[in-house]
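Look at the sequence and the model together. The paragraphs below go through a few places along the chain.

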Amino acid sequence: MAYSLQLFVTSLLLIISISYAQPSFRPRALVLPVRKDASTQQYVTVINQRTPLVPVNLVVHLGGQYLWVDCESNYVSSTYRPARCRSAQCSLAGSTGCGDCFNGPRPGCNNNTCGVSPDNPFTRTATGGELAEDVISVQSTDGSNPGRVATVPRFLFACAPTFLLQGLASGATGLAGLGRARIGIPSLFSAAFSFRRKFAVCLSASTSSNGVIFFGDGPYNFLHVPEPFDASASLAYTPLFINPVSTAGAFSQGEASTEYFIKINSIRINNSPISINTTLLTIDGEGNGGTKISTVNQYTLLETSIYRVFTAAFIQATSGIRRAAAVAPFEVCYDSDSVGSTRVGPGVPNIDLVLQGQNAVWTITGSNSMVYVNDDVLCLAFLDGGANPRTAVVIGAHQFEDNLLQFDLAASRLGFSSTLLGRQTTCANFNFTSNA
């Protein structure tokens, strides 16, 4: 009886923790711009936070556990609230730690607060941080333009010390975690505005034109002649898998990964399957193997045996194209003058990732398989991930620039478009002109 009462109270607290923050109004979807930083090749978005509101630049971490920001330097807000020990917020975050801070009180340093472990995946660094709440403000969208500003008065995030910013794009003061954690940004927006736990990412290949992130369902309209193109209408789908072992920089034993994993059944180059050890493509009981999608890695990593077969097959399929000397970190490079140009990038053989699901074939064309290292040389943008990597295949961000990826957490499936260049549009073609 006591256990049942405790379970009821815990459930009630969790419900309270995601409903306490009454939003300004209930949009059907939200939209954020995302730019590619020329120096680091990281993807940076901006969210308005605090009172008074200030724009906060955040590096996008697709599999990140939650939003974290530097609270040690210049965090000023009249609405900042630390999450107190044993509160519903702590339960939602899965935080069991409770501590005091004797150099405060200030944002990130308060007594009787629960802690989390924000991490920087670019430097592979993790540290302790304070769980807190503050105002968040984001533009709504009808799928075609930004609309009214939507506000969450008490949005959960983690405070981190300034040193954790090392290795992030210049001007960034935190990380936007889009992972499948209960306090990940997609889950918190979904809870605050009562829309489906779903978001979509469309990264621009250009450093001068913004891509876009949507929270909520489509349409996801991009400028196109003669009329806008709804990229959500042409998605193929494959299941998302949960890795039972966390891949975060710091985690508790038994904690599952918040990153996004899919299952590759086979790989084809120029329609011909390559022979690989398929056992590597399945996640084992210790969390090894499988395929994840990452904005931390710029280029796709392949386990060494897969990489060797893959590059050998690609070289054979491009035997008529003049090779060039390797340019680190790439091993397979070509004389750019000998490579033709097509609407979907350099004229090289297509690479097909045959995924689990009906008609689930992700086609990677030259725009995503190749990278120009200078005016004279372009290279195959896949790297050797080592002989015993934690994850056998890591699909890097270059491979899905100008592709729309929709992550449906409720249905546990990934929708993917393959390149939008074939539809005569790009991820930079969302109309950020406001219709509000």
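Asn359 is exposed, with a relative accessible area of 64%; exposed means over 50%, buried under 20%, and partly exposed in between, with a 1.4 Å probe and protein chains only. Asn359 is not a glycine, yet its phi is positive, at about 55°. This residue, Asn359, sits in the loop between strand E27 (351-355) and strand E28 (361-364). Helices (H or I, at least four residues) and strands (E, at least two) are DSSP runs, numbered from the N terminus.

This is a predicted model, in which local features need pLDDT of at least 70 and side-chain atom pairs count only at pLDDT 80 or more, while totals for chains, interfaces and linings use all residues. Residues are numbered from 1 along each chain as its sequence is written, and side-chain values use heavy atoms, without hydrogens and water.

Arg86 also belongs to a loop, the one between strand E5 (81-82) and helix H2 (88-93). Its phi is near 65°, a positive value in a residue other than glycine. Arg86 counts as exposed, at 71% relative accessibility.

Next come the cis peptide bonds. One joins Gly218 and Pro219, with omega about 15°. Pro219 lies in the loop between strand E14 (211-216) and strand E15 (221-222). Another joins Ala328 and Pro329, where omega is about 10°. The loop that holds Pro329 runs between strand E23 (323-324) and strand E24 (333-335).

In an unreviewed UniProt entry, the annotation "domain: Peptidase A1" covers residues 43-417; UniProt positions follow the numbering used here, feature names are shortened, and annotations may be inferred rather than shown by experiment. The span 43-417 is 9% helix and 37% strand, and its end C-alpha atoms lie 20 Å apart.
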